[in-house]
Amino acid sequence: MRRWGTGCPRRIPLDDWERERGLVVQLHQLTAALYLAAGLVAGLGLALPMRSLLRGAASLLGVGALVHGIAFSQLHRADPPVPLTDIPAAISFMAWIAVCFSLVLLYRARLMALSVLVAPIAFLSTFFAALRLPHAEPATTLGSGSWPHAHVLLAGSGLALLGVAGLAGTLFLLEHRRLKAKRPLSSRTPWPSLEALDRVNRVALALGFPLITLGVITGLFWDEAAHGAVFTGSAHEVWSLVAWAIYAVMAVVRFTSHQGARKAAASAVCGFLFLFFAVVGVELLV
Amino acid sequence: MKILLVGMNHRSAPVEVRERYARDDVAPVLQKLAASSEIDEAVLLSTCNRTEVVVVTRALEAARLRLQRFFRHDLAAADGGARENVADYLYEYRDGDAMGHLLRVTSSLDSMVVGEPQILGQAKAAYADAVECSAAGPVLSRLYQTAFATAKRVRTDTRIAERPVSIARVAVDLARQIFEDLDDKHAVLLGAGEMVEMALRSLRREGLASIAVANRSVANAEALAAELEASAHGLDEIGQLVGRADLVLTCVGGAEPVLTREALSTVLIARRDRPLFVIDLGVPSNVEAALEQHDNVFLYDIDDLGEIANENAAARHRETALGEAIVAEERQRLEGWFMALRAAPTIAHLRRRVDGIRAREVERALGRLGLDATQCEAVDALTRSIVNKILHAPMVSLRREAEREEGLAYLEAVRALFALDDSDDGSDPRR
């Protein structure tokens, strides 16, 4: 796998580049505002508690996802396109996939509380992207074919889904702890049931792990296309492979053994924290 | 016109007294009451916790005596008459206090279990009965419509009905926090008992795929199973039943627990990650406390459920202050409307008097002037317009002032100034 944002530079006039991506940045700013509003409305909906506010938060999240999608289409229409391989663009893409997946889940009414975690994280991601995209380097992946984009699309989607699994796991652990301590919530609080959260965790892992596996494989092909070697020993490569191995064990344990829902939730939280550090944290640090 | 409310409830009378005055079919007695000359309008509310009658009357004392007789003879008639002095158990509210009490009752602020939802339905049924018997008129209709709207406001603007206060409802609430849907869940009832059966029935209303009843005596299990449309089993099948179940309700007699961690260890492993909600209503406990250490087992005994129910009841009581504020606000508005009704006869009388004078004077003038039809109509319209414009401001003031207690002085002043009490033939009293 390659480090994002490195490769053969393509020479283009910088003025044109800045003008082209201006709209992408503005759309990201609008998306971030919508996600922030969704997070605040969802928080209010849980605190008051009012289901109508949670529905409103889901709608805001939906509008945000739509604008976010338009931002990505602009990102591709820019000439030259803003590279998805750039960290801000990749993080923004992960947030978009996570929001889209959450919106599918929100159709099940009692999962609406998920938006209280998804929306702020999506806001932070798009806000970060909006700040960093103006400084993004032009595409630097010439000569590697479609592998860089395939890698980011697959790995980013997998990371997003496993992120949602981690969020569902966090909510599960909170709810489990409360029920075990005999401190249940009131019936009006629109909090998802343990069973629903466990199902989200299971589905997200079932979809996210194959995607991240494909992301690892396409990353290896990218390395081979760019460097002529499948394994270059970069920090990103090593940490990502370790994270993938951890998830492989988690998936095997989850789907083949008698692992309880609480342990699965805890694994999803810890697993995602490690994966995020391995994929994004190491990239930023190194 | 006065409003009078007389009744008994869980605070003023013991249950054995309340039972004697409670009626399922209120229509016959209500029709009889409404036919009384002292009563203009009446609504009778009869539940297991209260029997109250609210009436509109123009003869307050006579109505009071009639309602005393109503309780003593009409309501207690089925029991052969009152055995006790019913007056000892009755309370009485008039006008504003009666309105306030009615608003509190329908809003469930006066209920034994504050915030319980049944009372609103019962009040609606009582009002519908009164409408059907033609016993409810415009005053009580307005009063009840306001009461229903107030009850709705109290329920939505406060958290008075938010938390369940019965063991059965607490159990349902907990089940909904553990399971996404109860429609595909299997329940097992071990033993028998009123409370555990109530909890099971509440859960069933939310939807259960199946129920199994297990008892030491299979015959007893079969009897209960027939009632609950469940399957019957002996206690020796516990392991197998728990393995399939999502909810287990226990109320088995005996000192030793029937569900132990050791006995269920293989069953719990076989269940994989499926949660198991255990409601233990047995005293002493039917379930070994160690079972709770299992991640997927959520064990609540009667003390846990009772504690949650008590906390919820306390939370509801804390919300009553907000509910009372809403009731006070609505009561004030209702009292204003009721007092404004006093102005209606005076306003009508005044308009009739002034219009009579106008009509006579116009007729006299037109006879002298010899105008054609169009001109006569113009003069008539002109005088009407002048009268309307002159009367508009005083009438608005009268209506507004009548909503206050002090407004009575305005009404009296108008009656004296225009000599409305002297004659009622529309003629000018000075002539």
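The secondary structure of chain A comprises eight helices and zero strands. Here helices (H or I, at least four residues) and strands (E, at least two) are DSSP runs, numbered from the N terminus. Along the sequence, chain A reads α-α-α-α-α-α-α-α. The model is predicted: local features need pLDDT of at least 70, side-chain atom pairs count only at pLDDT 80 or more, and totals for chains, interfaces and linings use all residues. Residues are numbered from 1 along each chain as its sequence is written, while chains are lettered from A and ligands numbered from 1 in the order in which they are written.

Chain A has 286 residues, of which 50% count as buried. A residue is buried if 20 or more other C-beta atoms lie within 10 Å of its own, exposed if 12 or fewer, and partly exposed in between, with C-beta atoms placed from the backbone. Contacts were also computed for this chain. Two residues are in contact if their C-beta atoms, placed from the backbone, lie within 7 Å. Of the contacts in chain A with a separation of 6 or more, 86% are between residues 24 or more positions apart.

Chain A is divided into domain 1 (14-135) and domain 2 (144-286). Such bounds come from an automatic or database domain assignment. The C-alpha centres of the two domains of chain A lie 20 Å apart. In the contact between them, 24 residues of domain 1 of chain A meet 25 residues of domain 2 of chain A. On the domain 1 side, α2 (51-77), α3 (87-106) and α4 (115-132) of chain A each supply at least two residues. The largest share of that side, ten residues, comes from α3(A). By class, the domain 1 side has 19 nonpolar, two polar and three charged residues. For these classes, Ala, Val, Leu, Ile, Met, Phe, Trp, Tyr, Cys and Pro count as nonpolar, Asp, Glu, Lys and Arg as charged, and the others, Gly among them, as polar.

One residue of chain A has a backbone angle to note. A:K182 is not a glycine, yet its phi is positive, at about 65 degrees. A:K182 sits in the loop between α5 (147-180) and α6 (194-227) of chain A. With 17 other C-beta atoms within 10 Å, A:K182 is partly exposed.

Chain B is divided into domain 1 (2-157), domain 2 (167-308) and domain 3 (342-417). The C-alpha centres of domain 1 and domain 3 of chain B lie 41 Å apart.

The two chains touch. In this interface, 20 residues of chain B are in contact with 21 residues of chain A. On the chain B side, α7 (167-178), β10 (297-301) and α12 (302-340) each supply at least two residues. The largest share of this side, five residues, comes from α7(B). By class, the side of chain B that touches chain A has nine nonpolar, two polar and nine charged residues.

Two of these elements also meet within chain B. Helices α7(B) and α12(B) pack at an angle of about 100 degrees, with their axes 9 Å apart. Axes are lines fitted to C-alpha atoms, for helices over the stretch in contact, and angles run from 0 to 180 degrees between N-to-C directions. The two helices, α7(B) and α12(B), are therefore roughly perpendicular to each other. Angles under 35 degrees count as roughly parallel, over 145 as roughly antiparallel, 65 to 115 as roughly perpendicular and the rest as oblique. The contact uses B:I167, B:V170 and B:A171 of α7(B), and B:L305, B:G306, B:I308 and B:A309 of α12(B). By class, this contact has six nonpolar, one polar and no charged residues.

Several loop residues of chain B were also examined. A cis peptide bond joins B:V283 and B:P284, with omega about 0 degrees. B:P284 is found in the loop between β9 (276-280) and β10 of chain B. B:S108 has a positive phi, near 65 degrees, and is a residue other than glycine. B:S108 lies in the loop between α4 (95-106) and α5 (118-132) of chain B. B:S108 is buried, with 25 other C-beta atoms within 10 Å.

B:L208 is placed in the loop between α8 (194-206) and β6 (210-215) of chain B. B:L208 is buried, with 20 other C-beta atoms within 10 Å. Not counting residues up to four places away in sequence, B:L208 touches B:L182, B:K185, B:A187 and B:L203. B:L208 and B:H186 are 22 residues apart in sequence, and 6.2 Å apart in space, C-alpha to C-alpha.
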